Amino acid sequence: MDEFLSLESKEVGRWLSSDEITVKVEADVFEIMSKWMEHNRSERKANLEELFRHVRLDFLSRDYLIDVVTNELVQENPLCLKMGLDALKKTTFSIEGEKQQSPRKGVETSAIVTYGGKYTLCYFPERDQWKRLADSLSFGINNDFRTIKLRGQLFAFPSSYGNAGTFNPVLNAWSMLDISANYSPVVAIKGEIYAVEVQTSPEQTTVKRYNVESSVWETLLSSLEGCRREACVVAAGCHLYVLGGRPPSSSQNVAKAERFHTVENKWEEIADMREERDWVNHRESERKTAFEGLFRHVRLGFLSRDSLQDIVTNELVRDSAVCLRLTVDATFKMATFVNEDDLPQSSRKGTDTRVIVVRGGKYTFCYIPEEDHWKRLPDGTKELNAITSKMIKFRDQLLTFTKSVGAERYDPIFNDWSALKSLAESSNVAIVKGEIYAVQVNTTDQKTTVVKYNVELRKWEAVDLSFDQDCRLGTCVDAAGRHLYMIGGWINTQEYFASGERFDTVEKKWEEIADMLVERGGAFGVATREKIFVAGGACRGKLLNTCEIMVQLNGKLYVLGGIRGSNQSELRVEYFDTAEDKWIQKTTIPVESISTTYNPLIGCAMRFSKGALDELSTIEV
């Protein structure tokens, strides 16, 4: 790599443009180009545009393209940013057009996915090769399915009544969704899921769209148009087409065809097609200025990652440099920061709510501080040992990591836990600038390994390996800025430490920081922009006023659970009032008892939409 970093820009360009270079995924090419740029950023910045053209954006995943368009170098170059946004926009369509670039040799290309019963297979035509994918969860053996590709995932809707499933190729995993199309044909248009429901008595066609924020189907229009059984339903552009089929009162097929305009919410016969003009194109210059003014009132900080992806590829937004910059900035914050307490705007009343999610065993609860309410969430997929587990918020979802077992993911949009095939071999997991890192400790070989999860290859990759005779277990691992912090810990539960180090994820090196005031191991920590709070743990067999969970929410530090005298579980919840410099008891965890170990629960803060929160049942304390 050192030799490559010293090459001239023309040599780097020849390498990037080659079909013969050996990479596992196209994302590796962008990473290598970025490293070359960062090696001498001030002088090489001028070469970005030329080199960026050689990155084959068509073969990057939707998630990775978000990382590309939020990259600092790309944001500073308007042409590179536009190329990235154009590639991102293509991923919002369910049917892929002809790619403008060809794949490099050795990089996976598109495949045909087929499944029956619980088995899922994929076929690679170029290789004439079949591969086995993860089994589906509980699809009926005799069910037929309507399948769509949406936002880099595969959605399967049963033709009979039943919930849909989704396959994530990055994680190679199926998960069940709490949505059903009720026998209706389903299509994807501009990144949205639509269904056409036909009733024969009375005769009526209902077009519905799935709202991912509130997790419900919304009726767009009920009418007589398109009311035919067994019609072919397809999507193109912003239209939903209904072709052929049989009227409810007839057994004869017809050639009639209509299309439904998903923006105007109206039907029109194909023979009567005409060009429509939208609001912004009328008196374009005045409307464009007005649009920019109105767009500033959209509170982008409270939109989900999926919604921001739709907005950043919207044609109106892309035509306005001001609106595009606002959206990219909001997307960048979503992708690179875990703590949302410093958002520049406040949420509207009744829309989004910040909550604290707590999990013990397989049970999950959420606490709403503003309402002083607890609500029940779905159970996890398995019993979770909180002593060796950690929960983090990552891109609008919750991830739990358990040492030597595996990970789970909670999606608040679908209100569902699913298992992930991701073994970190450590629960010391944290988020740094939108990337998942873990610290693996081997006291036998006295080595500490920092690893990062590669979402493209679905595996952990070593970032740094170091050897230290004071290699410790029971450390508190957290992240702030570009650093991973490792604090406290013990050796053989006999020698306890107050020392701390931090790992620079950019420079790839460790450095010592000041010691804590108290030696402790097994502690919990939470990081803000300016401070790292550490609480609880143990020292030489004595519990240190152990705090189970520390969560920073709306400027307040919440402490939940823990152990008090005689190893009894502490269920009270407190928060620290910085203005009055005192702790205030807030509520109680709504369970009768939890484990007597000193880490019975894990948790963190996240955001729920009002619609999703209203669907949850309230627990009386």
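This is a predicted model: local features need pLDDT of at least 70, side-chain atom pairs count only at pLDDT 80 or more; totals for chains, interfaces and linings use all residues.
1. Although Asn265 is not a glycine, its phi is positive, at about 55°. This deserves a remark because most residues other than glycine have a negative phi. Asn265 has a relative accessibility of 29%, and therefore counts as partly exposed, given that this class lies between the cut-offs of 20% and 50%.

2. With a relative accessible area of 39%, Lys508 is partly exposed.

3. Turning to the helices, H6 (residues 62-69) packs with H8 (residues 78-90) at an angle of about 160°, and the two axes lie 9 Å apart. That angle makes H6 roughly antiparallel to H8, because angles over 145 degrees are placed in that class. The crossing of H6 and H8 is left-handed.

4. On the H6 side, the contact is made by Arg62, Leu65, Ile66 and Val69, while H8 contributes Leu81, Gly84, Leu85, Ala87 and Leu88. Sorted by class, the residues in this contact of H6 with H8 are seven nonpolar, one polar and one charged; the charged class includes Arg, and Gly is counted among the polar residues.

Note on methods. Residues are numbered from 1 along each chain as its sequence is written. Side-chain values use heavy atoms; hydrogens and water are left out. Axes are lines fitted to C-alpha atoms, for helices over the stretch in contact, and angles run from 0 to 180 degrees between N-to-C directions. Helices (H or I, at least four residues) and strands (E, at least two) are DSSP runs, numbered from the N terminus. Angles under 35 degrees count as roughly parallel, over 145 as roughly antiparallel, 65 to 115 as roughly perpendicular and the rest as oblique. A crossing is left-handed if the near helix is turned anticlockwise from the far one by less than a right angle, and right-handed if clockwise. Contact means heavy atoms within 4.5 Å. Buried means under 20% relative accessible area, exposed over 50%, partly exposed in between (1.4 Å probe, protein chains only).
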